[in-house]
Amino acid sequence: MTSRNDLPGTYVFDGPAGRRGRPLNRLLQSLRTEDARTGFCADEAACCARFGLSAEQTAAVLQRDWQAMLDLGGSIFYVYKLAMMDGRSMQYLGGVFTGMSEDEFTAAMAAGGRTDV
């Protein structure tokens, strides 16, 4: 039987990932309010520290390393809040996570999705 963690190319957000990413997700979730977005834009590193992010999580946020954010327990729903602040689309993130450009990813979805699985 294939385990949920043995699905090549599939990101599994489960209990352990959620616990690992709790500080990161709390920060990213907070970006739903204008005050939090303003504070984050004023000093991103201080905001990361205030939420207790690890050094690796902080680096991922500051460098906009989207894949690292997921690897460090980030929920795509919360990671997308930061991407939106940067003017990025969900299709952009889809491209990042699949090794495609935003346009290639959008075209692939319009054509019916992945055909390599």
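A salt bridge, as I use the term today, is a side-chain nitrogen of Lys or Arg within 4 Å of a carboxyl oxygen of Asp or Glu. This is a predicted model, in which local features need pLDDT of at least 70 and side-chain atom pairs count only at pLDDT 80 or more, while totals for chains, interfaces and linings use all residues. Residues are numbered from 1 along each chain as its sequence is written, and side-chain values use heavy atoms, with hydrogens and water left out.

Let me start with confidence. The mean pLDDT of the protein chain, pLDDT being the predictor's confidence in each residue from 0 to 100, is 87, and 85% of the residues reach 70 or more.

Now to the charged residues. The structure holds two salt bridges, and together they link Glu44, Arg64 and Asp86 in a network. In one of them the side chains of Arg64 and Glu44 meet at 2.9 Å, N to O. Arg64 lies in the loop between H5 and helix H6 (66-71) and Glu44 in helix H4 (residues 44-50), so this pair ties together parts that are 20 residues apart in sequence; helices here are DSSP runs of H or I with at least four residues, numbered from the N terminus.

In the other, the side chains of Asp86 and Arg64 meet at 2.6 Å, N to O. That pair links distant parts of the chain, 22 residues apart, with Asp86 in the loop between H7 and H8.

Conventions
Helices (H or I, at least four residues) and strands (E, at least two) are DSSP runs, numbered from the N terminus.
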